[in-house]
Amino acid sequence: MTDRPTLTLSHIGKSFPGVRAIDDVSLDIHPGEVHALLGENGAGKSTLMKILAGMYQPDEGEITLDGARVVMRTPLEAKALGVVLIHQELSLVKELSVAENIYLGDLPRRSLGRVDWKTLYARVGDILKRLKCGFTPDTRVGDLSIANQQMVEIARVLTTTARVVIFDEPTASLTDAEKIVLFDIIRDLKAGGAAIIYISHRMDEIFTLSDRITVLRDGKHSGTLATTETNEDEVTRLMIGRSLDLTRRIEASTPGEVVLDVRGLSCGRLFQDVSFTVHAGEVVGFYGLIGAGRSEIAETLFGLRAPTAGTIRFRGEPVSIASPAHAISLGISLVPESRKEQGLVLELNCRDNITLATIDAMANGPFLSGSREAAVFEKYRERLRIKTPGWRQVVGNLSGGNQQKIVIGKWLATQPKLLILDEPTRGIDIGSKAEIHDLIRELARSGYAIIVISSEMPEVLKVSDRVIGMYHGRLMREFTAEEVTEDKLVQAISGIAEKKAASA
Amino acid sequence: MAEERLKSATRILTQRGILIAFILFMVGFSVVSDRFMTPDNLQAVFRQAAIIGVMALGVTLVVICGNLDLSVGSLLSLSTVLVVDLHDKIGPISAIAVTLLAALAVGAVNGLLVGVARLNSLIVTLGMLSAIQGLTLIYTGGQNVDIQNQDTTWFAIFGRGAILGVPTQILIFVVLAVVMHVVLAHTPFGRRVYASGGNPTAAVFSGIRRGRVVLATYMISAFCTGIAAIILGSRVMGSQNNVGQGYELLVLSAVILGGTSLLGGSGSIAKTVIGVLILGFIQNGLLLLGFAYYVQWLVTWVVIILAVWLDIAAKRGRMFSPFA
Amino acid sequence: MNRTLRWLSRNPIWGFILLIFVFFSLANPFFFDLQNFENILVQTSTIGLIALGMTLVMINGNIDLSVGGIVALSASLVVDIQGWEVFAGWGDWQLVPAVAAALLAGVALGALNGLIVWWTGVDAFIVTLGAMLGIRGLVFVYTKEQSFYAANFAFSDFGSSNIGPLPTLAVVFLVCALLVHWLLSQTVHGRNTYAVGGNRQAAVNAGIRIGPHMMVNFIILGFLAALAGMTLASQMGASTPTLGQDYELWVITAVVLGGTKLTGGAGNIVGTLGGVLAIGILRNGMNLMQVPAFYVLVILGVILIAVLFLDRQLNRKGQEGYRL
C-alpha cells in the first residue's frame, strides 16, 4: 500500500477513573485495506473504536482523516466525516420498516412533508440486492431475525460514502451462509476504497479477510504485522505474552468432596450437554467467547433459568433450583456479570447493598439492627479492603473496583457452599484485580467450591485449578492447571481445535 | 475556594430545595397574613391534610417500590360508602372491620396483577379505578348514603373528635406516619421495598421475592386508604358515591412534591409528609389571603413542576435538558 | 384467510369488536340499526378526537393527563366569547373569534406542555399531572365556577346537524382520524414519531431533534382536545367548568385497548379507532339492554386489565428470557 493512509491514530491515550484504557496507541489504515484489530477483553479494542466513532474523546493524541486533523464529538459528527461503526448494540427502531431504519433521520421527502416511498424503496431495494438479503424493504425490522437485523445495520453503512468502516464482532450471530455475504460486502467496500477495521476473536476470519493485523495488549500497541507474513501462533503470542510469574498460581490445592455435579445440562439453544464437577476447596474456571454459554450456565445454577435437560446434584442431592432465593437457601451464590445492572442498587448506600442478600439475618426481632449491619459492613470492608468514606456513601459514587468488592462482600455474607463469580474483575483497575484474584485463591483454601467465569486469559489461568473451555454452548475441553497452556486454551475456545481435529 | 463554596451552596440549595421552599412559604404567608401562624389555623391545616396525608403514606410505599396506584381515589369512595352504610346496618365496629377487609382485598388484586402477573401498574390501577367506581355505584344503587344518629355515635371520634386535646385525625396521621417510617427505614421488608424499586433485576438477583414485596405494598396502600375512608366517613357522616374522585392525583402530587421519585428506589415518609403539608399550606394560605379555593390548583401546577425540575437539575448537574 | 388471522392477532381489538357487535346485534333488536350506529359514532367522537392525538403522544413514549382540562377550557371559551357584546352585531361571524380562541388555547397549552418537557427534562407524566390541576384551575378562575350557555343558535344546532346522510360530528371525527392516520403513516414526522418513542438514542444519533418533535405532537393533541371541547359544547349548547373530568382516563384506556404500548414505539390510528369503537359499542349496547351504567364501568375496567394480560401472554417469546 503506497498511498497516503486514510486514517491515522497518533499516540492516542484514554483513561477512566482508576483504569488506563489506552496508552500511547498509534495506528494507520490505508484506503482499500482490511485491518484486523485483535486483543483480549480489556485490551482496549472497544474503547479505541468508540473513540474513533465519536462516542468518547481521547485524552491525548490526535486523529487524522485524509491528512486533516479531525475531532469527532458525537457519533453524528463521525458519521458526517464518513466514519461508521457497526457494533453489537443495534440502534434500530423495531416498529419501522427496514427502509425507514436505513434512512432514519434522512428520509427522502415529497411535498407536504410526505415520505417519498418510491425513491426510498428503490434505493433500499438496490442496497438489499447488493447484500443478497432475503427480505424486502418494507419488512418491519422487529419481525426480522437478529442476524437479519444486523444486516440492516450494515446496510446503513452503504447509504453514505463511508471512508472508514469499523466492524465490531460482526459474525457473532451469523450463520455460515450469512458470513459469506458479509465478507462479500467487505470486499466490495474494500474495492470502493474504504478503509476497514475488523475486530474479532476468530482467527479463521482474520486470516481470510485481513491485509494487516494489529494486536493490542493491556491498552498498549503490541504489534502490527502483515497477514501474509504471520500465523496464528505468533498472533496469539502477541495477544497474551506476559511474564509467567504474574499469570501462574504458585500453590496447588487439595480438593475436598464433590459439591456440584452437573450431568448433561442443557438450556434450549443457550448451552447443550454440559457435564462437570466442582469440589470443595477448588476453583473451576470457565473460559470462552461472549455467547459461549458460560453465564447462562451460571444463571441456571442460580435458579434464574430453567434447564431443558440434564441433572444437577448439589452436595450429593439432586436438586431443581427454582429461584435465586432457593439457590441462596441451598448455599449457592452468584456474583453476577453486570454489577451495575444485576449486582447493585446504585441508589442505596454501601451498607445496604452489602446486607441485601442476608437482610433477614440483620434483624433483631422485627427491626433491623444497626449494629449488626455495621458489623457486617466493617467485616467485609476490612477483609476486602473496600475504599469508601463510610457506609453511608451511595454505591453509585464508588469506583468500579470498590463496587465489585461490595457485590462480592454481599455474597460472601451469605456464607455459600458454592460461589460463582461471573467476570469478577471486568473493568477494574489492576490493583483491585490482583486483590480479588488473591481473595479467590484464599477462599478456595478455606474450603469454598468456586466457579469463575472469565474472558481474560491470564485471570483464568491464574486462579483456576481446572479450566473448562466453551464454544457455542458446548463444553469443548477440560484442562487441569498443569496441562493447560495459553495456546491450547485459545484454540479450544475459537473452534480451531474442532477444525484441526476435522482436518487431521 | 470561593467558587467551591458557591458550588456546594448551590448543590445544597437544589437538593434541599423543596424543604427550603417550604420554609420560605411559611415565612411568606405568616408575613402576609397574621391569621396564618395561629394554633387554630395550624390545626385546621393538619386536619384538612389528614385524609390526603394518610393515603399518601401508603402510596409512598407503592411509588418507592417503582409502581403507581391510581385506584386510591375510587377506593376511598368505596370504603367511605361502605363504612357509612354499614354503620347503621351492622354497627360501627363491624363496619370498620368489613371496610378494612374490603380495602385489603382490593389492594391484593392490585398487588397480584402488578407484582405477580407483572402487568403495567399505570394501566392496571386505571382499570381498577374504573371497576371500583362501578362497584361503588352498584352497591349504592346511585344513591347517597348517610348515618342516622350522627350526634350520638362514638364513630364520630375519628373525624370530629379529639383524644387528649389532639384531633383524632391528626393523631391517626401522625401515628401512621411514624409506623410507616419505622417499617420503611428499619425493617427488612422496608429495605426490600427500596431494592425492588431501585433495581428490580438486582433485587431478584439478590434473592428478594419481588412479587410478594409488591403485593404487600399495594395491600398496605389500600389499608391506608381504608383508614382515610373511616376518618372521612366519620367527619361527614354521609357520603356521595364519588366522594373520592380526583384524590388519586392530589395524593400523587403530594408524594411527587415531597421529592420521592416516580422511578422508584428512593424517597421517604418524611418527604411525603412535607409534600402533604406543602399542599395543605398552599391551600390554607391562599384561602386566608382571600383567594377562591381553585386558585390553589394553579399554584400547585407551578410548584410541582418547579420542584421536580430543580430536583432533576441537581442530579444531572445542569439546569436544562440535553435536548434544549 | 391466514393473513386476516395474522392481522387480527396483531390488532386483537377488532376481533373483540366483532364479538361484541355480533353479541349485541343478537341480544337487542334496537342495536343493529343505522341510526344507532350513527349515534355510536357521535357519542364516541369526543373521546375519539382526543384519542387520535393521544396516540401520537404515547407512541412518542409520553403521556398527557391534562386533556380533560383543555376540553373544559375550550368549551368555556367558545361558548362565552360567542356571546360577547363586542361581537353582538356580527351575526354568525361571532363564532369565528370564539372558535379561534378555543383552538388557540388548546394549541398554546399543548405547546406549553411540550416546551416544559423539552427544556426541563421533567417526565411528561408529572408535567401534565400538574397541568391537569392547573388548567382546571384556569377554567374555574375564568368561569368563576359558572356554566355558560350558548348564545348562537347555529352553534348549538351544529351538534345535531348532518352533512349529507351522516351526522356532522361523526364526519368531523372520521376526517380527523383520516388526517392523523395519514400523518402517522405517510409523513416524515409521523415515521419519526415511532423512532423517538421506540429507540430514542437511535433517533438522537440519526439527527432527529427530539424536543421540537415531541412538542409538535403535544400541540396536535391540544388542538384535538380543544376541538373535542367545542363539539361537546355544541352538543350540550353549554359549557360547565367540570367538563372533561376523567376524560384522560377514557382516552388512555381507548388508546391502550387499541394496541398502543405505554412504553412507546408502537401503536396506530386503526387500533385506536378500534379501542374507541369498542368502548362506544359496549356503552351503547349495554345502555340499550338497560344495563345500569355502573356495570359498564366495572366491565370496562376488567376488559382493560384482561387485554393487558392477554397481550403479555401472547407476546412472551420463547425460552430465552429469565424466569423471573
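Residues are numbered from 1 along each chain as its sequence is written, chains are lettered from A and ligands numbered from 1 in the order in which they are written. Because the model is predicted, local features need pLDDT of at least 70 and side-chain atom pairs count only at pLDDT 80 or more, while totals for chains, interfaces and linings use all residues.

The largest nonpolar core has 371 residues. Such a core is a set of buried Ala, Val, Leu, Ile, Met, Phe, Trp, Tyr and Cys residues joined through C-beta atoms within 7 Å. A residue is buried if 20 or more other C-beta atoms lie within 10 Å of its own, exposed if 12 or fewer, and partly exposed in between, with C-beta atoms placed from the backbone. Among the residues with the most contacts inside the core are V54(B) and V251(C). V54(B) touches I172(B), F173(B), L176(B), C224(B), I227(B), A228(B) and I231(B), leaving aside residues up to four places away in sequence. Contact requires C-beta atoms, placed from the backbone, within 7 Å.

Chains B and C also meet. 42 residues of chain C are in contact with 39 residues of chain B. On the chain C side, α6(C) gives the most, with 14 residues. Helices (H or I, at least four residues) and strands (E, at least two) are DSSP runs, numbered from the N terminus.

In chain A, 6 strands form an open sheet of mixed pairing, ordered β6-β7-β8-β3-β9-β10. Two strands pair if DSSP finds at least two bridges between them. The edge strands, β6 and β10 (220–226), each pair on one side only. Strands β3 (residues 34–38) and β8 (residues 195–199) of chain A run parallel, joined by 4 bridges. There, L37(A) stands opposite I199(A).

Strand β13 (residues 283–288) of chain A is largely enclosed by the rest of the structure, because 6 of its 6 residues are buried. V283(A), G285(A) and Y287(A) lie on one side, and V284(A), F286(A) and G288(A) on the other. β13(A) pairs in the parallel sense with β20 (residues 449–454) of chain A over 5 bridges. Y287(A) stands opposite S454(A) in β20(A). Another 5 bridges join β13(A) to β21 (residues 466–471) of chain A, also parallel. In β21(A), R466(A) is the bridge partner of V284(A).

Note on methods
Contact = placed C-beta atoms within 7 Å.
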